[in-house]
Amino acid sequence: MERKITILSIDDEENIRFALGELFRFQGWEACCAPTVEKGIEQFRLHRPDIVLIDYHMPGINGVEGVRLLRKLSRTVPIIVFTIDESQEVADQFLQAGASDFALKPIKAPDIISRIKLHLRLLEREQPAQPLSKGLSEATLQLVLDSLKEGEDYMTVNEVAKSSGLAYQTVYRYLQYLIQNKKVEMVSIYGKVGRPRQLFRRTPGN
C-alpha cells in the first residue's frame with residue numbers, strides 16, 4: 001500500500017488551519033496542524049511530514065526562526081512560507097533560514113495545491129549530496145535554470161516565476177545566485193520613469 005503524503009500547517013489562525021486540513025484531506029493527503037512554532041516542532045517530530053507550511057507573523061517564535069528550527073530537524077523537507085509581505089528583503093531572510101518557497105495570503109486553493117505538488121516533484125529529483133549555500137536547493141536551482149531561455153530571448157522575473165511555478169521572491173533569489181556563478185546574464189532596461197526593468201537569460205553554453 002502506498003504511503004500517504006503528510007502535510008504540516010503551522011498557523012495561528014484556526015480558520016486557516018481548518019480550511020487547509022479539509023483541502024489536504026480532499027486531495028488524499030494526511031493533514032496535521034499547529035497554532036505555534038513550538039507546537040509545530042512537536043508535530044514535526046511526531047508525524048515526520050513530507051511538506052511544511054508555516055505562517056510568517058505568529059505570536060512567540062516567528063516564522064523565520066521557525067524555519068531555522070525546522071531545518072535543524074530536516075535539511076530536505078520543503079518548507080513553504082505563508083506571507084502577506086512581498087518584500088524581497090523578508091523573502092531573503094526566509095531563504096537564508098532554509099525556506100523553500102512562498103505562498104501569498106489570502107490563500108487560494110488551486111495555487112497552494114499546485115505549489116505543494118511542484119515541491120513534491122522537486123523533492124523526488126533532489127540529490128542528497130552537495131547542498132548549495134544558504135539553504136538553496138539543487139533541484140529548485142535547476143528548475144529555474146530550465147525555465148530560462150538561452151540565446152537572444154530575455155525574460156522578466158515574473159515570466160520565469162510563471163514558467164517554473166515558483167514564487168517571485170524565490171525565483172529572484174535563485175537568479176542572483178546563478179548570476180554570481182555566471183550561469184545567467186542580466187540586463188537593465190531604463191525607461192523614462194521608475195526603476196529599471198531587469199531581464200534575464202541563460203549564459204550561452206549553460
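Five strands line up here as an open sheet in the order β2-β1-β3-β4-β5, and their pairing is parallel. The strands at the edges are β2 (30-34) and β5 (101-104); each has a single partner strand, so one side of each is left without a neighbour in the sheet. From one strand to the next, the twist averages 20°. Keep in mind as you look around that this is a predicted model.

**How β1 pairs with its neighbours**

- Strands of a sheet pair through backbone hydrogen bonds, and they can do this in a parallel or an antiparallel way.
- Strand β1 covers residues 6-10, and five bridges join it to β2, with the two running parallel.
- Two places to look are I7, whose bridge partner in β2 is A31, and L8, whose bridge partner in β2 is C32.
- β1 also pairs with β3, again in the parallel sense, over four bridges.
- L8 has a bridge partner in β3 as well, namely V52.

**How β1 is covered**

- Is β1 mostly covered or mostly uncovered? It is mostly covered, as five of its five residues are buried.
- In a regular strand, side chains alternate between the two faces of the sheet.
- In β1, T6, L8 and I10 lie on one side while I7 and S9 lie on the other, and both faces are covered, with all of these residues buried.

**Aromatic rings**

- A pair of aromatic rings is described by two things: the distance between the centres and the angle between the planes.
- How many aromatic pairs are there? The count comes to three.
- One of them joins F24 and W29, a tilted pair with 6.0 Å centre to centre and 50° between the planes.
- F24 counts as buried because its relative accessibility is 0%, under the 20% cut-off.
- W29, at 10% relative accessibility, also counts as buried.
- Why is the pair of F94 and F102 edge-to-face? Their ring centres are 6.1 Å apart and their planes stand at 80°, which is over the 60 degrees that edge-to-face calls for.
- F94 is buried, with a relative accessible area of 1%, and F102 is buried with 2%.

Note on methods. Residues are numbered from 1 along each chain as its sequence is written. This is a predicted model: local features need pLDDT of at least 70, side-chain atom pairs count only at pLDDT 80 or more; totals for chains, interfaces and linings use all residues. Side-chain values use heavy atoms; hydrogens and water are left out. Rings of Phe, Tyr and Trp (its six-membered ring) pair if their centres lie within 6.5 Å; planes under 30 degrees apart count as stacked, over 60 as edge-to-face and the rest as tilted. Buried means under 20% relative accessible area, exposed over 50%, partly exposed in between (1.4 Å probe, protein chains only). Two strands pair if DSSP finds at least two bridges between them. Axes are lines fitted to C-alpha atoms, for helices over the stretch in contact, and angles run from 0 to 180 degrees between N-to-C directions.
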